[in-house]
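Work through the exercises below with the structure on screen. Try each task before reading its solution.

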Amino acid sequence: MSAFITFALVVLVFIVIYQIGKASEYSGVIRGEEKVKAQTNRVLAVLLLLLFPLGCWGIWECNAMFEGRLLPVAACRTGVNYDSMFMWTTRVCGVVFFLTQGILFWFCFKYQSTDKRTSFFFAHNNKLELLWTTIPAIAMAGLVAIGLKNWYDVTSPAPPDATVVEVMGKQFNWMVRYPGKDNELGKRDFRKINDANNVMGLDWSDPHNMDDIIVQNGELHVVVNKPVKLLINSRDVIHDVGLPHFRMKMDAVPGITTTLWFIPTITTDSMKQITKNPDFVYEIACDQLCGKGHYSMRGTVIVQTQAEYDKWMAGQQTYYASNNPSTAPATDSTKAPKADSLKKEVTMK
Amino acid sequence: MNNGEIIIEGPNVAHGAEAATDHHGHEHHEQHFVWKYIFSQDHKIISRQFMVTGIIWAIIGALFSVFFRLQLGFPDSTFPILEKFLGEWAKGGKLSPEFYYALVTMHGTILVFFVLTAGLSGTFANLLIPFQVGARDMASPFMNMLSYWFFFAASILMFASLFVETGPASGGWTTYPPLSALKEASLGSGVGMDLWLLGMALFVVSSLLGGLNYITTILNMRTKGMTMTRMPLTCWALLFTAVLGVLSFPVLFSGVVLLIFDRNLGTSFYLSEIFIGGKALPHIGGSAILYQHLFWFLGHPEVYIIMLPGMGMASEVLSTHSRKPIFGYFAMIISLVGITLLAFVVWAHHMFVTGMSPFLGSIFVLLTLLIAVPSAVKVFNWITTIWRGNLRFNPPMLFALGFVSLFISGGLTGIYLGNSAIDIHLHDTYFVVAHFHIVMGVSAFFGMFAGTYHWFPKMFGRFMNNTLGYIHFFITFVGAYLIFWPMHYEGIAGMPRRYYDYSAWESFKHFQGVNSFISIMATIVFFAQLLFVVNFFTSIWRGRKVTVKNPWGSPTLEWTTPINPGHGNWEGEIPEVYRWPYDYKDDGHGNDFIPQTTPLRPGEESH
């Protein structure tokens, strides 16, 4: 019933507006078309002029509304550069935006048709064309220069001491593989994938795999101020590792390994204080439509100190051990190599 | 009677004038309804067919956006009315995620291809090219008719896909494989996807038939005196639109065909090392990225296919209603050439985060940002066109001014996204959604509205209602900014596009209020568009009649035809052209313009 009333109301509003439109047409004819036209033109010129200050006010309000609700300070060096470049681009574009829009709506008002006015025949002027070809070209050259500097910085090869971690997407979650004590990720083969006991398709004939650790809840643990390099992959369709707090993003494509690296500079705990949000967490958002669960394909990045990281790592079981409890050495002995890997990490540092 | 024969020999080029007068005597007998309005070969009727089909598609596409905006704006509410429309897909009044994605996909597909490509180019290229270059019809009226009917067939397939059991395609309008290639990956990758691909294949055929016709007509069928540099900018824009389409749509076609092979014939063009649905697939060696290259090789020119007609029409409308020549006619043509050439070499800026070579990426950055130069030239020329003009604010003029404003706003955000370093973070966020909706969605629509209000008198011999036009303009213009401006901020905050629900995300859940606001605005703007539709259809029969041949006082050729032009457009000979199309100056008889058909006065220099 309520649906019917809504529908009837909408139709009614339409009929009313339509009738107003029609009536204004007839009344225009009765009152003298030229006179009405001139009057309408004046009203519209004022309305168009008003659009500009109204728009500026709207932008102001919108800025105020989003103030403090956007992302906190970038949590890596390249991210900080990113924000600075973004601001510079915004300054350049902002000037152009307000100038051109302001002039556009001002001209609408200034040059509205009147009885007295005749238009000025002004068909071309090469100097002007040259002027507004070169100025944008120079501005673009500047933006390209800053852009490419940052682009090559972000896409440069990772430093050799970077921790290498593999991130694999699947419908609809992230799996993270850590190399374990030997610091080397073993071989994979998608034909060996098995949801029961080999989610990433590790090749057990490769001894490097035996100590690899797979975290299936999408938690990516990284050490603050230490470069981390992600090897990104997908098991089924294209996903994308989106790291908004690090201003980073990279597609996960089946059959192709992509990489990205960064140096996290702010731990999750510090960020909780910076944002004054006790629930703050760095999130990994899937940024490439991957199916019905795309919106829930969430991972997290836990940036922690070396000590916290080591402690966490020590509590992890190798993927092999967790799936082969019978063949794996007893719990005690699994802990022993863990301690080893711990030492190794420390010495590496 | 044989209708085809008459039309094919009617609009002849070389001896067009004589031939037309010759057969005028026996052409007046009434055609059967079917030949006159359905299987018509007359460019004016075909233009109307494209327009009406486009409007129907636009309503469907826009309605879909209202449906999924309800989910985004009010994820915790139910809307029983949705169940009435969508049945099982919205059980209990809440969209299922699968169908949410199907709606998003179809919204994009419908508006990009069926409305803003076929509906826009199909309508105005067909209507304006023969009129403005002085031809009796298209180069091949029969191919022109086929172009519409292939579009119609594509429409049927696409429409039918809405009703299949597994739902229509749901992999986004870009339909990236493997998601779109594997039935196991998503419900929408079932029969719906096959229909989508076949529909697109037919659509490409339609676009090619149309495009070849437009190019041929412009190059070969201009009337006497109509040199290329005396053509209105609309024709120039439509020419380059057609060139873009003819050269890039075949690449999409190949991409689509390979995808059909991968889906149905077991090939591995796009597939490699995939484990899905509990088993490893045999495909090895394909590249999912290859599809993206093929898709965007069309996909990027496509945005200019959408933009250029609007640019051309806005130029024409701004000039006419400012009573002032377009500023920098040649600069406008050169910038169109620049945009057209660059359009082919920037496609990979959609793929900066696919892991492409950084060096390759930098080349695409450079080429992409170069487009800002011709675009800036156009904007400054439009602004200079209205400078010291004598502006008449009727609906076409308002929409043309709105077009310029939106083009500036959307163009500037393109500078962010074209710069790969900035694109990394903004890629696939709401910033992108805001950018392309403003620049190629709303702005292109504004160009289309400007054209519709401006040439409606030529199409139907009546005016559209002005008051409704004004209401339509202000709601749409303000509404569009209210919808898309806040989206930029959400994108800067990293909020990904194509999410069904943000409530589980610590980083994005606080934008719920903004999302609700956007949804409410989108619904209001949707109803304002219905106002336009009502205005359009009632004005066809009830609108104020046009009483003079040239109601806007425009120098171009279409206004020298009778108010309701018949077959062949001009009674008698096609007029000869003596001057450029923007001679808005005193003609010595109290008019502020000189038609193209007026010979140069003694001592007067041509433009």
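**Exercise 1: A sheet and its helix**

In chain A, five strands form an open sheet with mixed pairing, in the order β4-β10-β9-β6-β7. The model is a predicted one. Find the edge strands of this sheet, then describe one strand pair and the helix that packs on the sheet.

Solution. 

Step 1. The edge strands are β4 (219–223) and β7 (248–252) of chain A, since each of them pairs on one side only.

Step 2. On average, neighbouring strands of this sheet are turned by 25 degrees against each other, direction ignored.

Step 3. Strand β6 (residues 239–243) of chain A pairs with β7(A) in the antiparallel sense, over five bridges. In this pair, Leu243(A) stands opposite Met248(A) in β7(A).

Step 4. Helix α6 (residues 306–314) of chain A packs on the sheet and touches β4 and β10 (298–304) of chain A. The direction of α6 makes about 135 degrees with that of β4(A).

**Exercise 2: Another sheet in chain A**

Solution. 

Step 1. The sheet has five strands, and its pairing is mixed. In general, strands of a sheet pair through backbone hydrogen bonds, either parallel or antiparallel.

Step 2. The strands β3 (213–215) and β8 (258–262) of chain A each pair on one side only, and these are the edge strands. From one strand to the next, the twist averages 25 degrees.

Step 3. Strand β5 (residues 228–234) of chain A pairs with β8(A) over five bridges, in the antiparallel sense. The bridge partner of Val228(A) in β8(A) is Phe262(A).

**Exercise 3: The overall form of chain A**

Is chain A compact or spread out, judged by its radius of gyration?

Solution. 

Step 1. Chain A contains eight helices and ten strands.

Step 2. The globule rule gives 20 Å for 349 residues, but the radius of gyration of chain A is 31 Å, well over that value, so chain A is more spread out than a compact globule.

Step 3. The C-alpha trace of chain A spans about 100 × 65 × 40 Å along its principal axes.

**Exercise 4: Two helix pairs in chain B**

Classify the packing of α4 with α7, and of α8 with α9, in chain B as roughly parallel or roughly antiparallel.

Solution. 

Step 1. The axes of helix α4 (residues 43–73) of chain B and helix α7 (residues 141–160) of chain B come within 10 Å and cross at roughly 15 degrees. Angles under 35 degrees count as roughly parallel, so α4(B) is roughly parallel to α7(B). Their crossing is left-handed.

Step 2. In this contact, residues of α4(B) including Phe50(B) and Trp57(B) meet residues of α7(B), among them Tyr148(B) and Phe152(B). The contact residues divide into six nonpolar, five polar and no charged.

Step 3. Helix α8 (residues 191–220) of chain B and helix α9 (residues 233–264) of chain B have axes 8 Å apart and pack at an angle of about 155 degrees. Angles over 145 degrees count as roughly antiparallel, so α8(B) is roughly antiparallel to α9(B). The crossing of α8(B) and α9(B) is left-handed.

**Exercise 5: Where the chains meet**

How many residues does each chain give to the contact between chain B and chain A?

Solution. 

Step 1. Chain B gives 101 residues and chain A gives 95 residues.

Step 2. Helix α13 (residues 372–386) of chain B supplies the largest share of the side of chain B that touches chain A, nine residues.

Step 3. That side of chain B divides into 62 nonpolar, 26 polar and 13 charged residues.

Definitions and conventions. Residues numbered from 1 in each chain as written. Chains lettered and ligands numbered in written order. Predicted model: local features only at pLDDT ≥ 70, side-chain atom pairs only at ≥ 80, totals over all residues. Axes fitted to C-alpha atoms, helices over the stretch in contact; angles between N-to-C directions. Helix = DSSP H or I, 4+ residues; strand = E, 2+ residues; numbered from the N terminus. Parallel < 35°, antiparallel > 145°, perpendicular 65-115°, else oblique. Left-handed = near helix turned anticlockwise from the far one by under 90°. Contact = placed C-beta atoms within 7 Å. Nonpolar A, V, L, I, M, F, W, Y, C, P; charged D, E, K, R; others polar. Pairing = 2+ DSSP bridges. Rg over C-alpha atoms; globule rule 2.2 N^0.38 Å.
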